[in-house]
Amino acid sequence: MLLERAAIPRYKTCGGGLIGASLAALPPGLSLKVYDTAAQFTFALNGRGERTLASGSPTIAMVYRSELDAALTEAAAAAGATVRDSTALTTLEQESRTVTVKTNRGDTLRARAVVGADGSAGRVARYVGVQCAQVDLALEAEVPVDERTADRWRGRVLMEWGPLPGSFGWVFPKGDVRTAGVVAARGNPTALRAYKEDFLTRQGLNGPRPLHDTGHLTRCRRPDSPLARGRVLVAGDAAALVDHWSREGISYALRSGDLAGHAAARLVTAADEAEETPTADHYGRQVDDVLGVEMRASGALMNLFARNPGLVHTALTRLPPAWRRLDAYIAGRTSVAGIMATPMARSATALATRLPRARESAPPAIRSTTEA
């Protein structure tokens, strides 16, 4: 059974870019409309040093998250799952071999295993006790554009390293709509909103009335954060499985969801606690062996980026091997761990520790106010 808090299809704040690892993890034959595929990537450093590079193997597919989630729900139903949307979990309890779930509709449901995929602020994450090492705020708008603007952005993604530590802005093309936003560490929403306004204005996306204008928190787990509690598992955002640097979470959700599904199937046949504990522990090890390694590498990259975004920008835009590595990661041919293990990345990390830490610069809107 699949319980979905909202009515399907439902809007969710998300860039909607499927990298190679996400595409490889989708169910075979999934019916999903792709609105564009990025063949070019434009990089900029807070509005300066803009440079556009061509992808050697265009991969990243632009979709709407609402349509992706609806397609996955339909695939689950076709595979035999009972789907109940507009149904929120209210309480969760365990005893013996049973998990009891109560919903806002007054249902009392009993299961041998539960997988929480209800997001980073969901009830299941709190029940399991997920702990985070990094929490960021993302602000995003979906903006309709005219034909001329659509042509200018077709097949091209923008990534701009922003003025706040660890921040960036993005523009993703989706036919006659552009998904654009900014993200930075939680704690300075006024500065982030100012950066968003400045960023959208510079990209010509601040005029039209947005279809959606939202924000959400992204959370990255601590390495020792639990992934299970008895017969209750967490996956995806609920487990805080998100890339520290790019804040990409779809590929983590799809891969951890697959592992959690197999673990849940094993829990169903577990006779007692002596069997369920090794099953839950095995799931945690599987996640750590694949996604945990990636998150530790992305954490190292994030530290490098936050310390000196200019160094990262220069490497990507001026050193062809650096761009080829990132392009290979986007296509799914390598991993962040693979990138950070290269001599170039090790040298950049060593150099960044010797250089002065980049100073936080205010977005132009804030700078103008201060100067006034």
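A residue counts as buried when its relative accessible area is under 20%. Keep that cut-off in mind for this tour of a predicted model.

**Stop 1: two phenylalanines**

Select Phe41 and Phe43. Both are buried. Now look at their rings. A pair of aromatic rings is described by the distance of the centres and the angle of the planes. A search of the whole structure finds 11 aromatic pairs. In the pair of Phe41 and Phe43, the centres are 6.5 Å apart and the planes meet at 15°, so this pair is stacked.

**Stop 2: from Phe43 to Trp323**

Phe43 sits in strand β4 (residues 40-45) and Trp323 in helix α9, so the pair ties together parts that are 280 residues apart in sequence. Phe43 and Trp323 are both buried.

**Stop 3: helices α8 and α9**

Trp323 leads on to a helix contact. Select helix α8 (residues 309-318) and helix α9 (residues 320-331). Their axes come within 5 Å and cross at roughly 90°. That makes α8 roughly perpendicular to α9. Which residues of α8 and α9 make the contact? From α8 come Ala315, Leu316 and Arg318; from α9 come Pro320, Ala322, Trp323 and Leu326. Six of the contact residues are nonpolar, one is charged and none is polar.

**Stop 4: an open sheet**

Go to strands β2, β6 and β3. They form an open sheet in the order β2-β6-β3, with antiparallel pairing. β2 (17-18) and β3 (36-37) are the edge strands; each has a single partner, so one side of each has no neighbour in the sheet. Zoom in on β2 and β6 (residues 61-62): two bridges join these antiparallel strands. Pick Gly17, and find its bridge partner Met62 in β6.

**Stop 5: strand β12**

Finish with strand β12 (residues 132-144). 10 of its 13 residues are buried, so β12 is largely enclosed by the rest of the structure. Which strands does β12 pair with? 10 bridges join β12 to β16 (residues 212-221), and the two run antiparallel. Select Leu139 to see it opposite Gly215 in β16. Nine bridges join β12 to β15 (residues 177-185), again antiparallel. Last, select Pro144: its bridge partner in β15 is Val177.

Notes. Residues are numbered from 1 along each chain as its sequence is written. This is a predicted model: local features need pLDDT of at least 70, side-chain atom pairs count only at pLDDT 80 or more; totals for chains, interfaces and linings use all residues. Side-chain values use heavy atoms; hydrogens and water are left out. Axes are lines fitted to C-alpha atoms, for helices over the stretch in contact, and angles run from 0 to 180 degrees between N-to-C directions. Helices (H or I, at least four residues) and strands (E, at least two) are DSSP runs, numbered from the N terminus. Angles under 35 degrees count as roughly parallel, over 145 as roughly antiparallel, 65 to 115 as roughly perpendicular and the rest as oblique. Contact means heavy atoms within 4.5 Å. Ala, Val, Leu, Ile, Met, Phe, Trp, Tyr, Cys and Pro count as nonpolar, Asp, Glu, Lys and Arg as charged, and the others, Gly among them, as polar. Two strands pair if DSSP finds at least two bridges between them. Rings of Phe, Tyr and Trp (its six-membered ring) pair if their centres lie within 6.5 Å; planes under 30 degrees apart count as stacked, over 60 as edge-to-face and the rest as tilted. Buried means under 20% relative accessible area, exposed over 50%, partly exposed in between (1.4 Å probe, protein chains only).
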